[in-house]
Amino acid sequence: MRSPRTGDIVTVGPEETLLNAYGRMRRSDVSQLPVLDDGKLVGIVDESDILAKVDGPYDGRWDRFNAPVRTAMTSNLHTLQASQTLDALLPVFDRNEVAIVFEGDEFIGLITRIDLINHLRRRAK
């Protein structure tokens, strides 16, 4: 799992621009970013969210890229607890979501499909 505790996860703030979010995604080779406000998870923004917000006529495109992340992020989050088993991940992935993992009330990281595949490959040795 990628975690903000260890610095393994790239995040964005809700008042940062979509251009900043896009740049972080591109530099880090990820397709989604957790949106943290004062250390608390308030949403997640992915490629589709950004594309939906910035698509449109050429006129005004830069204004759309400069919109705050909060205008495009998803704030209706389905979360898992760290104590849950791997079986809890499959329904999340079936909904084309990333697993957002908490320990109690604390956001501890994300699990993607590739993370699960990597975990299963390592355990197969």
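Colleague: What is the relative accessible area of Glu16?
Modeller: Glu16 has a relative accessible area of 23%, so the residue is partly exposed. Buried means under 20% relative accessible area, exposed over 50%, and partly exposed in between, with a 1.4 Å probe and protein chains only. This is a predicted model, in which local features need pLDDT of at least 70 and side-chain atom pairs count only at pLDDT 80 or more, while totals for chains, interfaces and linings use all residues. Residues are numbered from 1 along each chain as its sequence is written, and side-chain values use heavy atoms, with hydrogens and water left out.

Colleague: With which side chain does Glu16 meet in a salt bridge?
Modeller: With that of Arg24, at 2.6 Å from N to O. A salt bridge here is a side-chain nitrogen of Lys or Arg within 4 Å of a carboxyl oxygen of Asp or Glu. Arg24 is also partly exposed, at 23% relative accessible area.

Colleague: How many salt bridges does this rule give?
Modeller: The count comes to 3 salt bridges. One of them joins Glu15 to Arg70, with the closest N and O atoms 2.9 Å apart. Glu15 lies in the segment before H1 and Arg70 in the loop between H3 and strand E3 (79–81), so this pair ties together parts that are 55 residues apart in sequence. Helices (H or I, at least four residues) and strands (E, at least two) are DSSP runs, numbered from the N terminus.

Colleague: And is Glu15 buried or exposed?
Modeller: Glu15 counts as exposed, at 55% relative accessibility.

Colleague: With which residue does Arg95 form a salt bridge?
Modeller: With Glu97, where the closest N and O atoms are 3.2 Å apart. Arg95 counts as partly exposed at 42% relative accessibility, and Glu97 is partly exposed at 24%.

Colleague: What is Val69 in contact with, leaving aside its neighbours within four places in sequence?
Modeller: The partners of Val69 are Val12, Gly13, Pro14, Glu16, Thr17, Leu18, Ala21, Val35 and Val45. Contact means heavy atoms within 4.5 Å.

Colleague: Where is Thr17 found?
Modeller: Thr17 is in the segment before H1 and counts as buried at 18% relative accessibility. The side chain of Thr17 reaches the backbone nitrogen of Asn20 at 3.0 Å. Not counting residues up to four places away in sequence, Thr17 touches Phe65, Asn66, Ala67, Pro68 and Val69.

Colleague: Which residues of H1 are buried?
Modeller: Leu18, Ala21, Gly23 and Met25 are the buried residues of H1. Their cover includes E1, strand E2 (40–46), H2 and helix H3 (61–65).

Colleague: Which residues make the nonpolar surface patch?
Modeller: Leu19, Tyr22 and Trp62 make a patch of about 320 Å². Patches consist of residues with over 30% relative accessible area and no salt bridge, where like charges are joined within 9 Å and nonpolar side chains (Val, Leu, Ile, Met, Phe, Trp, Tyr) within 5 Å. Accessible areas come from the Shrake-Rupley method with a 1.4 Å probe, and for residues only the protein chains shown count as cover. Leu19 lies in helix H1 and is partly exposed, with a relative accessible area of 32%.

Colleague: One backbone point: what follows H1?
Modeller: Asp29 follows H1, and its phi is positive, near 55 degrees. Asp29 is in the loop between H1 and E1 and counts as exposed at 72% relative accessibility.

Colleague: And what is phi of Asp38?
Modeller: Asp38 has a positive phi of about 55 degrees, although it is not a glycine. Asp38 sits in the loop between E1 and E2 and counts as exposed, at 78% relative accessibility.

Technical notes:
Polar contact = N/O pair within 3.5 Å; in protein donor to acceptor, adjacent residues only side chain to side chain.
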